[in-house]
Amino acid sequence: MSQQKFASNVVEKCLTFGGPEERQLLVNEMLGSTDENEPLQAMMKDPFGNYVVQKVLETCDDQSLELILSRIKVHLNALKKYTYGKHIVSRVEKLITAGERRIGFSVSFSS
C-alpha cells in the first residue's frame with residue numbers, strides 16, 4: 001500500500017482532499033485486520049509509505065489519531081533504527097509537544 005512514489009502521492013492526495021469516510025477507509029486499511037498492524041509497520045519503514053503515515057497523522061480525526069498513535073507507540077524504539085522510521089518518531093514527538101495531549105496519549109522516548 002503506497003510503497004511506490006506515485007502511489008504514495010495518490011494516497012496522500014486522497015487523505016488531503018477526501019472526506020471523512022474515505023480517510024477512515026484508508027486508516028482501516030493501514031491498520032490491517034490483525035493486532036500485528038503489518039501494513040502500518042511496513043509503511044512506517046518504507047521510503048514512500050512513511051509519508052502516507054505522516055499525512056494520516058495530519059489529517060485524521062481525533063479518534064483515529066489516538067488509535068494510530070497507540071499502535072505506533074509500540075514500535076517507537078524499533079523505528080528509531082530505520083532511516084524512514086525516524087521520520088515517524090519525529091512526527092509523533094511533534095504532535096505530543098504541539099499540544100496534542102488532549103487526546104490522552106503519553107509517550108516515553110527513552111531508548
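How many helices and how many strands does the protein have? It has seven helices and zero strands, where helices (H or I, at least four residues) and strands (E, at least two) are DSSP runs numbered from the N terminus. The model is predicted: local features need pLDDT of at least 70, side-chain atom pairs count only at pLDDT 80 or more, and totals for chains, interfaces and linings use all residues. Residues are numbered from 1 along each chain as its sequence is written, and side-chain values use heavy atoms, with hydrogens and water left out.

**View 1. Overall fold of the protein, with the pattern α-α-α-α-α-α-α along the sequence.** Of the 111 residues, 39% are buried; buried means under 20% relative accessible area, exposed over 50%, and partly exposed in between (1.4 Å probe, protein chains only). The accessible surface comes to about 6500 Å², and carbon and sulfur atoms account for 52% of it (Shrake-Rupley method, 1.4 Å probe; for residues, only the protein chains shown count as cover). Among contacts (heavy atoms within 4.5 Å) between residues at least 6 apart in sequence, 63% join residues at least 24 apart.

**View 2. The largest nonpolar core, comprising 25 residues.** Such a core is a set of buried Ala, Val, Leu, Ile, Met, Phe, Trp, Tyr and Cys residues joined through side-chain atoms within 4.5 Å. Val-53, Leu-57, Ile-68 and Ile-72 have the most contacts inside this core. At least two of its residues come from each of α1 (5-17), α2 (20-31), α3 (38-45), α4 (49-59), α5 (62-73), α6 (76-79) and α7 (85-97). The greatest contribution, five residues, is that of α7. Apart from residues up to four places away in sequence, Ile-72 touches Leu-40, Met-44, Val-53, Leu-57, Leu-79, Ile-88 and Val-92.

View 3. Lys-55 counts as buried because its relative accessibility is 19%. Beyond its neighbours within four places in sequence, Lys-55 is in contact with Glu-12, Leu-15 and Thr-16.

**View 4. Cys-14, partly exposed, and Cys-60, buried.** The relative accessibility of Cys-14 is 37%, whereas Cys-60 has a relative accessible area of 12%. Zero disulfides (pairs of cysteine sulfur atoms within 2.5 Å) are found in a search of the whole structure.

**View 5. Thr-83 in the loop between α6 and α7.** With 53% relative accessibility, Thr-83 counts as exposed. The C-alpha atoms of Thr-83 and Lys-45 are separated by 7.5 Å, although these residues lie 38 residues apart along the chain.
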